[in-house]
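Subject: Structure handover

Hello,

Here is the structure we spoke about, with its sequence. My notes on it follow below.

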Amino acid sequence: MIAGQLRAHPDARYAIVASRWNPRIVDALLAAAQRAFAEHGVAEAALDVVRVPGAWEIPAVAARLAAGGRHAAIVALGCVVRGDTRHYEHVADGCAEGLMRVAVEHRLPVLNGVLAVERHADAEARAGGAHGNKGEEAALAALEMTDLWRQL
């Protein structure tokens with residue numbers, strides 16, 4: 001059986017692309033992701049954080065980072081809350097599809113920590129509330145996938 005381990009490789013760099021939209025939520029996701037990387041041995045100097053206006057911009061920046069070849073994995077963080085228009089579907093679905101495309105085309109782990117929720121309370125529950133913190137989960141998955149990638 002081949003499986004990734006939850007560990008940092010000393011020569012690996014990681015990137016986090018985080019939106020500035022819904023800052024209270026995304027900042028909590030970002031802080032948890034940074035903390036998870038640090039707690040598992042990733043030096044602050046080996047972690048690049050890029051802020052973008054919103055979730056729509058995340059895949060394009062992830063693609064640019066992936067093309068640069070410097071990162072072992074990319075973590076995407078954001079929050080899209082359903083509103084009264086179809087804008088929610090366009091942004092949330094487009095972001096998820098774009099991130100998957102980056103992962104497949106660049107053969108690089110790209111972790112989707114972009115929340116797509118019905119209400120702000122749902123986002124709060126996933127940004128350190130009752131459902132944990134998806135930023136932390138995405139960072140831990142990035143470490144595991146990086147290790148798996150090296151084994152494959």
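Is Arg107 buried or exposed? Arg107 has a relative accessible area of 69%, so it is exposed. Please keep in mind throughout that this is a predicted model. Arg107 sits in the loop between α3 and β4 (110-117). Its phi is near 50°, a positive value in a residue other than glycine. Most residues other than glycine have a negative phi.

Asn22 also has a positive phi, near 55°, and is likewise not a glycine. Asn22 belongs to the loop that runs between β1 (14-19) and α1 (23-39). Its relative accessibility is 14%, and because the cut-off for buried is under 20%, Asn22 counts as buried. The side chain of Asn22 comes to 2.8 Å from the backbone oxygen of Cys79. Apart from neighbours within four places in sequence, the residues in contact with Asn22 are Cys79, Val80, Val81 and His120.

Next comes Pro23, which is part of helix α1. With 44% relative accessibility, Pro23 counts as partly exposed. The C-alpha atoms of Pro23 and Arg51 are 11 Å apart, while the two residues are 28 apart in sequence.

On aromatic pairs, the count comes to one. The partners are Tyr14 and Phe37, in a tilted arrangement with 5.0 Å from centre to centre and 35° between the planes. Tyr14 is in strand β1 and Phe37 in helix α1, so the pair ties together parts that are 23 residues apart in sequence. Both Tyr14 and Phe37 are buried.

Now the helix packing. Two packed helices are described by the angle between their axes and the distance between the axes. For helix α2 (residues 58-68) and helix α3 (residues 87-106), the angle is about 10° and the axes are 8 Å apart. That makes α2 roughly parallel to α3, because angles under 35 degrees count as such. The α2 side of the contact consists of Ile58, Pro59, Ala62, Ala63, Ala66 and Ala67. On the α3 side they meet Gly94, Cys95, Gly98, Leu99, Val102 and His106.

The remaining item is Glu124, located in helix α4 (residues 120-126). Glu124 has 34% relative accessibility and therefore counts as partly exposed. Which residues is Glu124 in contact with, leaving aside its neighbours within four places in sequence? They are Arg24, Ile25 and Gly129. Glu124 and Leu29 are 95 residues apart along the chain, and their C-alpha atoms are separated by 9.9 Å.

For checking against the display, I would take the items by place. At Asn22, look for the side chain reaching the backbone oxygen of Cys79 and for the positive phi. At Arg107, look for the positive phi in the loop between α3 and β4. For the aromatic pair, bring up Tyr14 and Phe37. For the helix contact, bring up α2 and α3.

Regards

Technical notes. Residues are numbered from 1 along each chain as its sequence is written. This is a predicted model: local features need pLDDT of at least 70, side-chain atom pairs count only at pLDDT 80 or more; totals for chains, interfaces and linings use all residues. Side-chain values use heavy atoms; hydrogens and water are left out. Helices (H or I, at least four residues) and strands (E, at least two) are DSSP runs, numbered from the N terminus. Buried means under 20% relative accessible area, exposed over 50%, partly exposed in between (1.4 Å probe, protein chains only). A polar contact is a pair of N or O atoms within 3.5 Å; within protein, one must be able to donate a hydrogen and the other to accept it, and residues adjacent in sequence count only if both atoms are side-chain atoms. Contact means heavy atoms within 4.5 Å. Rings of Phe, Tyr and Trp (its six-membered ring) pair if their centres lie within 6.5 Å; planes under 30 degrees apart count as stacked, over 60 as edge-to-face and the rest as tilted. Axes are lines fitted to C-alpha atoms, for helices over the stretch in contact, and angles run from 0 to 180 degrees between N-to-C directions. Angles under 35 degrees count as roughly parallel, over 145 as roughly antiparallel, 65 to 115 as roughly perpendicular and the rest as oblique.
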